[in-house]
Amino acid sequence: MAETKKLFIKTYGCQMNVYDSERMAEALGGNGYEQVGTAAEADMILLNTCHIREKAAEKIYSELGRMRELKDAKPDLKIGVAGCVAQAEGAEIMRRQPMVDLVVGPQSYHRLPQMEAKAGHGEKVLDTDFPEEDKFELLKARPKSKRGPTAFLTVQEGCDKFCAFCVVPYTRGAEVSRPVDRIISEARDLVERGVRELTLLGQNVNAYHGLGLDGHDWPLARLIWELAEIDDLKRIRFTTSHPNDMSDDLIDAHGRCEKLMPYLHLPVQSGSDRILKRMNRSHTRDSYLRVIDRIRTARPDILLSGDFIVGFPEETDADFRDTLRLIEEVGYGQAYSFKYSTRPGTPAAERGQIDDTIATERLVEIQALITRQQRAIQDAMIGKEVGVLFEKAGRMPGQMVGKSDHLHAVHVDSDTLKPGDLRRVRIIGSNTNSLSGVVL
Ligand code: SAH
Ligand code: SF4
Ligand code: F3S
């Protein structure tokens, strides 16, 4: 048996990167690597990166700079860059940081084992292809070890929408959906290993249309109904959705499928039609609000989440007020807001950029509104009964923490609950970022 080597993966960006990091660790397991928790003990460090905003991409270079010392102390240490920065910048990464041994894009990481072997012989390796083969199939089968009660499962990748500000269509490529049978067998395997809640992932997850069990294309709703047949799978979620792809069958599943949780992340980006048009979002403020109405009719208690960009080129104060009004109108239980970041190669980068001080002021204002709204919706949960899937021990002794159906963190006092237990809980308190409750 060859000696085991130690792998440290640091993950940035979205949940799809979290899933990819798991798969990369499994793939490298076949090369004798086991995962460790710190860079200092590693024989190989992989940064799984995000390119969505300038700050995220620059962070990678400063992180690499800090690794210089580790590499000096241990010349055999291999350093790899994976993910969306790898895809966007490719060979430029090795030019800026010559100590990087390996650069692998998000669509090529099934080739990591061969790349690692080459890097082991001192070669510099780069792969940012969009290959034809199915990377998920070619990855080593998932190991049968036990795991926690929640897991991500990528069902769709890539984006064909080309919002004017966004790098994802370039870093992740065109929309591709995995076949239903492969998703089901991966889901069954995860459930056998202890998973009780699956979050189906895709950059445009509700645009999913994969080869179904009957040889026809299945939409996401059909996949969800099929997954709901797995007995020990108790909860299903999906993210991220595009407003234009909220089809009737998916909304209907929210109304009728008990395992589909009442939470939906549905980014709108702006509340101004003028800006939405310039963003190439292909929906209007009104069509978004109509989608929300349909969803709420099907599932009145659904908790909505969103993403907002402030300071997009040419955004006026009136446009920004339209966004604030939309937030007031919808009532988000959770929302993320970002200051627009100019991304090279995207159409919006060519337009007149707005003053950074104004963008910062808008960010502060939108975040204050979102925080107030989140808190009000959290406070309104007091007295209600919710399902909670417990995940781990809390910070205080005798405490357990889990997520409610609406994805609120909930803690309770209990010495008997175990991770994976699903219980009805009455909410009795609301704190900054979590709820407290008592098990019924
Ligand atoms: N596919 C998803 C989300 C992709 S990226 C969707 O369509 O909504 C996640 C979020 O990052 C986006 O929703 C957007 O709010 C934000 N984002 C993307 N590009 C950005 C940019 N150039 N500057 C600031 N925020 C950006
Ligand atoms: Fe980016 Fe728009 Fe695609 Fe979302 S839908 S990933 S924001 S291009
Ligand atoms: Fe970032 Fe790539 Fe995800 S750019 S948000 S890691 S798809």
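How many nonpolar, polar and charged residues does the lining of the second largest pocket have? The answer is in the last legend. The model is predicted: local features need pLDDT of at least 70, side-chain atom pairs count only at pLDDT 80 or more, and totals for chains, interfaces and linings use all residues. Residues are numbered from 1 along each chain as its sequence is written, chains are lettered from A and ligands numbered from 1 in the order written, and side-chain values use heavy atoms, without hydrogens and water.

View 1. A nitrogen atom of ligand 1 lies 2.7 Å from a backbone N or O atom of Q203. The side chain of Q269 places an N or O atom 2.7 Å from a ligand oxygen. At S341, a polar backbone atom is 2.9 Å from a nitrogen atom of the ligand. The protein buries 89% of the 540 Å² that ligand 1 exposes when taken alone (Shrake-Rupley method, 1.4 Å probe).

**View 2. The shell around ligand 1 (residues with a heavy atom within 4 Å).** Of its 15 residues, F165, Q203, Q269, D307 and S341 come nearest. Six are nonpolar, four polar and five charged.

**View 3. The second largest pocket.** Its volume is about 370 Å³, the space filled by probe spheres set on the grid points, which are joined across faces, edges and corners. A pocket is an open set of points on a 1 Å grid over the protein atoms alone, where a 1.4 Å probe fits, with protein on both sides within 12 Å along at least five of seven lines; lining residues have an atom within 4 Å of a point. Among the 19 lining residues, Q107, P131, E132, E133 and V176 lie nearest the centre. The lining has seven nonpolar, five polar and seven charged residues.

Note on methods
Polar contact = N/O pair within 3.5 Å; in protein donor to acceptor, adjacent residues only side chain to side chain. Nonpolar A, V, L, I, M, F, W, Y, C, P; charged D, E, K, R; others polar.
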